[in-house]
Amino acid sequence: VLTPNLKNTNPPTINIKATIWYSNLVNRRPRIITILAPGLFIGTFLLYALIQYQKHRQFLTFGWDVAVFDQPIYLFSRGQAPLSSLMAMHTLGDHFHPLLLLIGGLVYKLWASPLFLFWLQSSIVTASGVVIYLLAKKVFHYSPLALAVSAMYLFSVSLQSMVLDDFHDDVLATLPLALIFLFLEQKNWLGYWLATAGLLLVKEEFGLLTAAIGLLVILRKISLKHGLTTICVGLISFYLLLQVIMPWYSQTSHYAHYSDTNSPPVMIKQIIRQPWLPFTTLVDHPQKLKTLITGTVSFGFLPLLAPPVFALPILETLIIRFIDSTAPLRFAFNNHYNGPLIPLLVIASIYAIPKLIKRFSPTALTTWVLGFTVLQGIFFHGPVNSILKSQFWQIQSWQQDARALVGQVPPGVSLATQNSLLPHLDQRPEFYLLPKIGNADYIAVDLHPGPNKLYAQTPEQLQTQLDQLIASSQYKILWQQNQALLLRRVGVK
C-alpha cells in the first residue's frame, strides 16, 4: 500500500471567518433583497410624495401645470363637462388622457384635491420602478444588480425633475412602457396589448412611439404578426386622435397644438427636402446636447452598449421633441417631456448588461450602477436634495398670508388670480389667469415677490393693473393681509 508523503505537503490556508461570513451573505441574499426591494420602492414613493406635498403647501406649484388638469377633473367628478378655463376648451381637445379623467373623476368624488394628482404621479413612477426590477431580474437573473438598476432609474436626475415638476400626463407613460417590455420578455401578449392600450390612452402623441416599439418587436424577431399589428395600431391611433377625435372635442378644424411649423405635413415636407434632418436635429442646440449627455451619464453609459434595435423608440421620443425648433422648452432634460425617454433608457441599459456580465462580475456591475446613481445626483444636483435645505421645511410669512387669502375666496365664484394661487383656487366652473380678468367677480393676488408667481406680466405691471381697477371703481379691496389681497367687483354681493 502506497501512502502519501504528508511531511512536505503545504495545505492551503483558509480564512475560516471570512468563508463563513461570505457563505452567510450568499445564503441570506434572497432575504436581504426581500427587505431592500420593498424599502426602496416604499421609500421612493414617500420621498417624492413628501416633496410634492411641501411644494404645494408652500405655493410652489403653478397654474399651467396643475390647474389645467385639476379643474376639468373636478368638474367631471361633479357631472359637468370637463372644460379647461386655461385652454378654453374640453380637456380631451387639449391632450387625450381619458384614463386620467376617469380615474381622477372617481377619486375626486371622495377627495377633490390636486394632491391626488401629485401622489398618483409618484405612485405610477414608483410602480414603473417595480416593473423595471422584475424585467431586469428576468433578463440577467441577478437580484442585487436588478435592484441597483431600478434604483438608478428611480433616482436619475431626469426622472426626479419630471416627477417633481408639478403634474404632467407624460410622466404617466412610464408604467405602461415598462410593462410593455416586461410582457414582451414574458411573451404575455394579453398583458402586452393591455399595456399598449394604456400607453395610447395616456397622451395622443404616443401613437408614433407605439409604432416604433412595433418595429422593435419585428427586428428582434419576437413576433412578426404582433409587430406589424402594433405599427398599424400606433399609426392609426396617432392619425385618428390628432386629425379627427381631438379636433371634435376642441371644436376646431385641427389639433389645438398645431402651428404653421410643427404639423405632420409640414414636418414630412421638411424631411423629404432634408433627409438628414431627423439626425441633425438631435445635436443642433446646446440644450439638446445637454439632454443627450445627461441621459447617457445618468445611466452609467449603459444605453450606448445596448443592442442597436433599442435605439429605435429612444430616437423616436427624441426626434418628436427636438424637430420643432419653435419649442426650445422641449429640449431641456429637466422637465416632463422626458416621460417616455427615461424608462426607455433604463430598458436599454438592462439589455446591455447580459453582454457585460460575460466580461465583468455581477458585483462589479452592481458597484458601477450604484456609483453612477450617487454621482449623477451630486454632479447634476438632483431635486431630492432639497429636503436637506432648511427652507424646505419652513412656511414663510407670505405663504401663511397666501393660505389665509385662499380661505377668504368664496367657492364657485368667477375668479381672476395668478399662477401661484391658481392650483389652490381652480376648482370652479370659471376662472381667469391674470392679467386676464374677463367677467371675474373676484380677484385674488399675492404681491410678495417670487419665481413663476405671475404669468405674462411683471410685479410692477400687476400693481399698476390693480391700482387702475380700484381707481376706476370697478373693484374694491374686500380683504387684505400684508401683501395678500382679495378684490370684489363693485356691485357684487
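**Helix α9 and beyond**

Mentor: Start with α9, residues 189-200: the helix has 12 residues and reaches 16 Å from its first C-alpha to its last, close to the 16 Å expected at 1.5 Å a residue. Keep in mind that this is a predicted model.

Trainee: Which residues of α9 are buried?
Mentor: G191, Y192, A195, T196, G198, L199 and L200.

Trainee: And what do the buried residues of α9 pack against?
Mentor: Four helices are involved: α4 (98-108), α8, α10 (206-219) and α11 (224-250).

Trainee: What caps the N-terminal end of α9?
Mentor: N188 does, with a side-chain oxygen 3.4 Å from the backbone nitrogen of L190.

Trainee: Zooming out, how many helices and strands are in the protein chain?
Mentor: The chain has 20 helices and seven strands. Its C-alpha atoms fill a box of roughly 120 × 55 × 45 Å along the principal axes.

Trainee: What percentage of the residues count as buried?
Mentor: Of the 493 residues in the chain, 52% do. As for contacts with a separation of 6 or more, 72% are between residues 24 or more positions apart.

Trainee: What about phi at D166?
Mentor: Phi there is positive, about 55°, although D166 is not a glycine. The residue is in the loop between α7 (157-163) and α8 (174-186).

Trainee: Is D166 buried or exposed?
Mentor: D166 counts as buried because its relative accessibility is 5%, and the cut-off for buried is under 20%.

Trainee: And phi at F301?
Mentor: F301 also is not a glycine and has a positive phi, about 65°. Its place is the loop between α14 (286-298) and α15 (311-322).

Trainee: What lines the largest cavity?
Mentor: The lining is D170, E205, F206, L209, E316, T317, I320, R321, R330, Y337 and P340. The elements giving two or more residues to this lining are α10 and α15. The largest share comes from α15, with four residues.

Trainee: How does the lining of the largest cavity split by class?
Mentor: Five residues are nonpolar, one is polar and five are charged.

Trainee: And the volume of the second largest cavity, what is that?
Mentor: About 30 Å³. The residues lining the second largest cavity are Q52, K55, T61, F118, V163, L164 and D166. By class, the lining of the second largest cavity has three nonpolar, two polar and two charged residues.

Trainee: Now pockets. What is the volume of the second largest pocket?
Mentor: About 560 Å³. The lining of the second largest pocket has 21 residues, and I51, K55, L60, P383 and S386 lie nearest its centre.

Trainee: Which elements give two or more residues to the lining of the second largest pocket?
Mentor: α1 (16-57) and α7. Of the elements, α1 gives the most, with three residues.

Trainee: How does the lining of the second largest pocket divide by class?
Mentor: It has five nonpolar, 13 polar and three charged residues. K55 is among the residues nearest the centre of this pocket, and K55 also lines the second largest cavity.

Trainee: Why does T126 count as buried?
Mentor: Because its relative accessibility is 6%, and buried means under 20%.

Trainee: What does T126 touch?
Mentor: Leaving out residues up to four places away in sequence, T126 touches F41, T44, F45 and L154.

How values were computed: Residues numbered from 1 in each chain as written. Predicted model: local features only at pLDDT ≥ 70, side-chain atom pairs only at ≥ 80, totals over all residues. Heavy atoms only, no water. Buried < 20%, exposed > 50% of the residue type's maximum accessible area, 1.4 Å probe, protein only. Expected span 1.5 Å × (residues − 1). Contact = heavy atoms within 4.5 Å. Polar contact = N/O pair within 3.5 Å; in protein donor to acceptor, adjacent residues only side chain to side chain. 1 Å grid on protein atoms, 1.4 Å probe; cavity = no way out; pocket = protein on both sides within 12 Å on 5 of 7 lines; lining within 4 Å. Points joined across faces, edges and corners; volume = space filled by probe spheres on them. Nonpolar A, V, L, I, M, F, W, Y, C, P; charged D, E, K, R; others polar.
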